[in-house]
Amino acid sequence: MNFLRSSTILLFISIFTLVSCSKDNKDASNPIKKSDLVNKNWVGNSVDVKVDGNTYSVDGDADASSTGMLLKENGEYVGTDENGDKETGKWTLTDNILKVTVDKEDISFKIVSLDGQTLKLFLGEKLDISKSPEKYLELDNENFLAYVLGFAVLEKKNVDLTTVKTKEMDVILGLKAK
């Protein structure tokens, strides 16, 4: 099932998350280099949701330190979930897009920023929040987890969705190199 594989990849990357940070951002005019990402164990440490120009950040728990991904120099990808289970595949980096392939299924993440040991990835951009969160349970794509995490952050931060003007959210996952 594509949905389950996509959710698994996103889940292990993001199993909730801790501290929002980063000042020196690399962008398209300053591309991320493969050498900046390799041989580091990237562990989830923040989820940011942007709505109507506001950013809402949520800190995670200690379980986040057991979840992550390792991007090897040879293009091999190793993911670890909260139970310590491993998943392997391949990864590539092109124009600040990180593509992970596991069991012939691809998931791509736009890199928002890389500041030393902090990596931020878009899980979802301009996601429509005009429907109830329950409607997104029917989605069969990689945006499903972005919706779930986004709505969880907005709920935790007590954001009244009836007052949101744009009815869109961006969901950004922060990872820390260990």
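Lys126 counts as exposed because its relative accessibility is 60%; exposed means over 50% relative accessible area, buried means under 20%, and partly exposed lies in between (1.4 Å probe, protein chains only). Before we go on, a word on the source: this is a predicted model, where local features need pLDDT of at least 70, side-chain atom pairs count only at pLDDT 80 or more, and totals for chains, interfaces and linings use all residues. Residues are numbered from 1 along each chain as its sequence is written, and side-chain values use heavy atoms, with hydrogens and water left out.

Although Lys126 is exposed, β8 is mostly covered, with eight of its eleven residues buried. As background, side chains in a regular strand alternate between the two faces of the sheet.

Which residues does Lys126 touch? Leaving out residues up to four places away in sequence, Lys126 is in contact (heavy atoms within 4.5 Å) with Glu168, Met169 and Asp170. Strand β9 covers residues 168-177, and it pairs with β8 in the antiparallel sense over eight bridges; two strands pair if DSSP finds at least two bridges between them.

β8 has another antiparallel partner, strand β7 (residues 105-115), joined to it by four bridges. Here Ile111 faces Leu121 of β8. The two strands form a hairpin with two residues between them, and Gly116 takes a positive phi near 60°.

Let us follow β9 onward to strand β1. Eight bridges join β9 to β1, again antiparallel, and Gly44 stands opposite Leu175 of β9. Strand β1 spans residues 41-51 and is mostly covered, with nine of its eleven residues buried. That brings us to Val51: its C-alpha atom is 9.2 Å from that of Lys126, though the two residues are 75 apart along the chain.

β1 also pairs with strand β2 (residues 54-58) through five bridges in an antiparallel arrangement, where Asp48 is opposite Ser57. β1 and β2 make a hairpin with two residues between them, and Asp52 in the turn has a positive phi of about 50°. Finally, three bridges link β1 to strand β3 (residues 68-71), also antiparallel, with Val43 across from Gly68.
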